[in-house]
Amino acid sequence: MQLNPKAREIDNLKKENARLQAALNEANYSCQRLEIINSNLEMQLNEANRELEKNIEVLQSLKKEIENIVSNIKGTD
């Protein structure tokens, strides 16, 4: 059976629509994966920031102790 031009065009449009739908589904899947990865990276960043803040506090405390020790040493000279 020979397809008339309009039927052929409709068939081509259906195939193109199916191809575009598949591409859209793949893009949506990739987007969901990236959202999960981003969420995980954000949690890791927040944890790293908390650790960094703790380390800064420890270093500031050590700096004060060293300054006190130096001051005491200079006072005993």
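**Figure 1. Charged side chains of the predicted model.** The protein carries 11 positive and 13 negative side chains. The centres of these two sets are separated by 11 Å. The structure shown is a predicted model.

**Figure 2. Overall dimensions of the C-alpha trace.** Along its principal axes, the C-alpha trace of the protein spans about 110 × 15 × 10 Å. The radius of gyration of the protein is 33 Å, whereas a compact globule of 77 residues would have a value near 11 Å. In secondary structure, the protein comprises one helix and zero strands.

**Figure 3. Length of helix α1.** Helix α1 covers residues 5-76, a run of 72 residues. At 1.5 Å a residue, this helix should span 106 Å, and the distance of 103 Å between its end C-alpha atoms agrees with that expectation. An α-helix has 3.6 residues a turn, so residues three or four places apart point the same way.

**Figure 4. The N-terminal end of helix α1.** Asn-4 caps this end of the helix. A side-chain oxygen of Asn-4 lies 3.1 Å from the backbone nitrogen of Lys-6.

**Figure 5. Solvent-accessible surface of the protein.** Of the 77 residues, 0% count as buried. The views that follow take up individual positions.

Figure 6. Glu-26 is situated in helix α1. Its relative accessibility is 56%, and Glu-26 therefore counts as exposed, the cut-off being over 50%. Between Glu-26 and Glu-65 there are 58 Å in space, C-alpha to C-alpha, for a separation of 39 residues in sequence.

Figure 7. Ile-36 has its place in helix α1. With a relative accessible area of 54%, Ile-36 is exposed. Ile-36 and Ala-22 are 14 residues apart in sequence, and their C-alpha atoms are 21 Å apart in space.

Figure 8. From Ile-73 to Glu-51 the C-alpha to C-alpha distance is 33 Å, and the two residues are 22 residues apart in sequence.

Methods: Residues numbered from 1 in each chain as written. Predicted model: local features only at pLDDT ≥ 70, side-chain atom pairs only at ≥ 80, totals over all residues. Heavy atoms only, no water. Helix = DSSP H or I, 4+ residues; strand = E, 2+ residues; numbered from the N terminus. Rg over C-alpha atoms; globule rule 2.2 N^0.38 Å. Buried < 20%, exposed > 50% of the residue type's maximum accessible area, 1.4 Å probe, protein only. Lys, Arg positive; Asp, Glu negative; His and termini not counted. Charge placed at Lys NZ, Arg CZ, Asp CG, Glu CD. Expected span 1.5 Å × (residues − 1). Polar contact = N/O pair within 3.5 Å; in protein donor to acceptor, adjacent residues only side chain to side chain.
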